[in-house]
Amino acid sequence: MSLSTHVLDTSTGRPAAGISVRLDSRQADGSWATAGRGHTDADGRLRDWLAPGTPPAGRHRLVFETGTYFAAAGTASFFPEITVEFEITAADEHHHVPLLLGPFAYSTYRGS
């Protein structure tokens, strides 16, 4: 199992470097626990940032600190934080969760 993400800034047509990303995993009691943290690289990617086998099957969420990114660029934005919740059922597969980001809209999907 592995997990990666890629953030593209659709307002500039370029990778979104330096975005803080946190992975939370849902616990048996319903609470969330942080399983990893990182920042997107110059290519807007976050890869090889988790221990092997992380995250396991179950519910998880990626939290993108987008407000800080846009503030640093001097751009007003509507979403200070974007949370993408997903469920892993095939723990042996690679999971890629891209984020297409703009100051007033975003889109995501399961990539490859």
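Rings of Phe, Tyr and Trp (its six-membered ring) are taken to pair if their centres lie within 6.5 Å, and planes under 30 degrees apart count as stacked, over 60 as edge-to-face and the rest as tilted. By this criterion, ring pairs link Phe78, Phe79 and Tyr106 into a cluster. The structure is a predicted model, in which local features need pLDDT of at least 70 and side-chain atom pairs count only at pLDDT 80 or more, while totals for chains, interfaces and linings use all residues. Residues are numbered from 1 along each chain as its sequence is written, and side-chain values use heavy atoms, with hydrogens and water left out.

The protein chain contains one helix and 10 strands (DSSP runs of H or I, at least four residues, and of E, at least two, numbered from the N terminus). From the N terminus, the order of elements is β-β-β-β-β-β-α-β-β-β-β. The C-alpha atoms occupy a box of roughly 40 × 25 × 20 Å along the principal axes.

Of the 112 residues in the protein chain, 39% are buried (under 20% relative accessible area; exposed is over 50% and partly exposed in between, with a 1.4 Å probe and protein chains only).

Three aromatic pairs were found in a search of the whole structure. The ring centres of Tyr69 and Phe70 are 5.1 Å apart with planes at 70 degrees, so this pair is edge-to-face. Tyr69 and Phe70 are both buried. The pair Phe78 and Phe79 is also edge-to-face, because the centres are 5.0 Å apart and the planes stand at 85 degrees. Phe78 is exposed, at 58% relative accessible area, whereas Phe79 is partly exposed at 23%.
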